[in-house]
Amino acid sequence: MRDANLAGESLSTGPAEAPDTIRVLVAKLGLDGHDRGAKVVARILRDAGMEVVYTGLYKTPKDVVQAAIQEDVDVIGVSLLSGSHVPLFRELGRCLREEGAGHILVVAGGVIPEQDYPALLEGGVDAIVPQEARSDLIVTTITDLVTARGRI
Amino acid sequence: MTVVTHSTRPRRAAYVPSADLVKDVLAGRAIAIARMISRAEEGYPEAAAALAELYRHGGKAHVIGITGVPGAGKSTLVSALIKAYAAEGRKVGVIAVDPSSPYSGGAILGDRVRMSETAAAGGAFVRSMATRGHLGGLTRATLQAVDVLDAAGYDPVIIETVGVGQDEVEVVTAAHTVVVLSAPGLGDDIQAIKAGILEIADIHAVSKCDKPEAAATVSALRGMLALGGERPGSRRAPPVLPVSAVSGERIGELKDAIGAHWAHLNESGERVERQRAMGRTRILGTARHLFQQKFQEAPETLERQIRAVAERRMDPAVAARALLGWEETP
């Protein structure tokens, strides 16, 4: 696929097209020290051919947004198990807008009760993947979101 | 049934032409810098003119290569250097390379884990890149990424290679100053006299000097260098510096040694020679890439040669010459 691109594949195939390599930042926000799940997701995305930047634990939304901008990722995937998802995702969305990084998609995972879904979506989350999701569902969610957004 | 809940406002974004990014890169805007690096990585033909313009604006930054075995402590060392340079008010650009999976093409880029705090505090620009099949410790677009950071005003620009084995020495033609980081406790002193990576150092650093084994590694390296160990074309014996990035011990000395090497390159005129070597490698590397690309555009011709070679009707050397049009196809 990459070779086709290096061979000078034209960019005019339309806006609804994913970049050749999808880049994802997998992050943990706030006081949540459990990153086994985040690492498993990172591995799943790697095996699906994506480039995954892993940032480590205890990050602030501001740190994550700055890293996502420098790494030019298509998606920020955040796993949260701490219960403080509503304020943290709201802050993440605010930082993204403030930095003019509205092109970066946000996918939420972890332990998130359904009654909080509207608040997350309102705060700028693009998709919420429930914890029982199989690996292929995580992959297609990201691929579909990036394809719909288009190449940047 | 497991379902993903989506926002009702699907996100859309437009492609910004590379020519429009140049001004923002030169002004140091992070989003534009990052995007430009991605376009170099993807090899978009549309970005070629913009990258050429940025190349003309570069050439100011001191490019430092840091290489060493996996786990030697390269990322931790880079993090400590970012902090040391930030204390002098210098903004560091970092390109950190990690390997791509040979099977899926995906990658886990984990160098940031150890850099995020110092990077945020020190105003550094850290970019992780995957090798994408390129061998030698760097990626095809590493040097273009360096150009972008250089043009954006980052100085120094540090290239952290993948964890290398014994002969991934490509960084030597990518950086002005090469720091080879050795970790204590990995093998006996015969490792120190082997050919390969140890020969490319302008500066040897030994990590984890808080550990007792570090002294043995330092003395093995010094012993090797006592027999003559400067890089061919270099008129300066490389120092061996024990450092501990965790405690911050002697990081200042390493930074000063890097600075002294840069001063030496500038005063002795060696910088010009290194820049020529860098230019040569880049031209030939790009030419090789363009060749490959050309043959992939015409897969039938290549396919014919592959069949002939596989069936032993032709040998690979003749097939390669035929592909280049240097030999009549029998």
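## Glycine 28 of chain B

G28(B) is partly exposed, because its relative accessible area is 29%; the classes are buried under 20% relative accessible area, exposed over 50% and partly exposed in between, computed with a 1.4 Å probe on protein chains only. The residue belongs to the loop between α1 and α2 of chain B, where helices (H or I, at least four residues) and strands (E, at least two) are DSSP runs numbered from the N terminus. Apart from neighbours within four places in sequence, G28(B) is in contact with I33(B) and A152(B), a contact being heavy atoms within 4.5 Å. Between the C-alpha atoms of G28(B) and A120(B) there are 15 Å in space, against 92 residues in sequence.

## Basis and confidence

The model is predicted, so that local features need a pLDDT of at least 70 and side-chain atom pairs count only at pLDDT 80 or more, whereas totals for chains, interfaces and linings use all residues. Residues are numbered from 1 along each chain as its sequence is written, chains are lettered from A and ligands numbered from 1 in the order in which they are written, and side-chain values use heavy atoms, with hydrogens and water left out.

The mean pLDDT of chain A is 85, and 88% of its residues score at least 70; pLDDT is the predictor's confidence in each residue, from 0 to 100. Over residues 1–16 of chain A the value stays under 50, and the model gives this stretch 26 contacts beyond four places in sequence.

## Architecture of chain A

Chain A comprises six helices and five strands. Along the sequence these elements follow the pattern α-β-α-β-α-β-α-β-α-β-α. The chain has 152 residues, of which 59% count as buried. Among the contacts in chain A with a separation of 6 or more, 71% are between residues 24 or more positions apart. In the loop between β2 (51–54) and α3 of chain A lies Y58(A), whose phi is near 60 degrees, a positive value in a residue other than glycine.

Helix α4 (residues 85–98) of chain A has 14 residues and should span 20 Å at 1.5 Å a residue, which agrees with the 20 Å between its end C-alpha atoms; the expected span is 1.5 Å times one less than the number of residues. Its buried residues are H85(A), V86(A), L88(A), F89(A), L92(A), G93(A), C95(A) and L96(A). They pack against α3 (61–70), β3 (75–80), β4 (105–110) and α5 (117–122) of chain A. Just after α4(A), G100(A) adopts a positive phi of about 70 degrees.

## Domains and backbone of chain B

Chain B is divided into domain 1 (17–56), domain 2 (58–268) and domain 3 (280–323), with bounds from an automatic or database domain assignment. Taken over C-alpha atoms, the centres of domain 1 and domain 3 of chain B are separated by 31 Å.

A cis peptide bond joins D155(B) to P156(B), with omega near 0 degrees; P156(B) is in the loop between α6 (142–151) and β6 (157–160) of chain B. R312(B), in the loop between α10 and α11 (316–323) of chain B, has a positive phi of about 60 degrees although it is not a glycine. With 78% relative accessibility, R312(B) counts as exposed.

## Aromatic pairs

Over all chains the structure holds three aromatic pairs; rings of Phe, Tyr and Trp (its six-membered ring) pair if their centres lie within 6.5 Å, and planes under 30 degrees apart count as stacked, over 60 as edge-to-face and the rest as tilted. The pair of Y15(B) and Y44(B) is tilted, because its planes stand at 50 degrees, with ring centres 6.3 Å apart. This pair links distant parts of the chain, 29 residues apart: Y15(B) is in the loop between β1 (5–6) and α1 (18–26) of chain B, and Y44(B) in the loop between α2 (30–42) and α3 (48–57) of chain B. Y15(B) is partly exposed at 25% relative accessible area, whereas Y44(B) is buried at 5%. The charged end of R39(B) sits over the ring of Y15(B), 3.9 Å from its centre; this requires NZ of Lys or CZ of Arg within 6 Å of the ring centre and within 35 degrees of the ring normal.

F291(B) and F295(B) form a stacked pair, 6.0 Å centre to centre with 15 degrees between the planes. Both lie in helix α9 (residues 270–297) of chain B, four residues apart, about one turn of the helix. An α-helix has 3.6 residues a turn, so residues three or four places apart point the same way. F291(B) counts as partly exposed at 39% relative accessibility, while F295(B) is buried at 17%.
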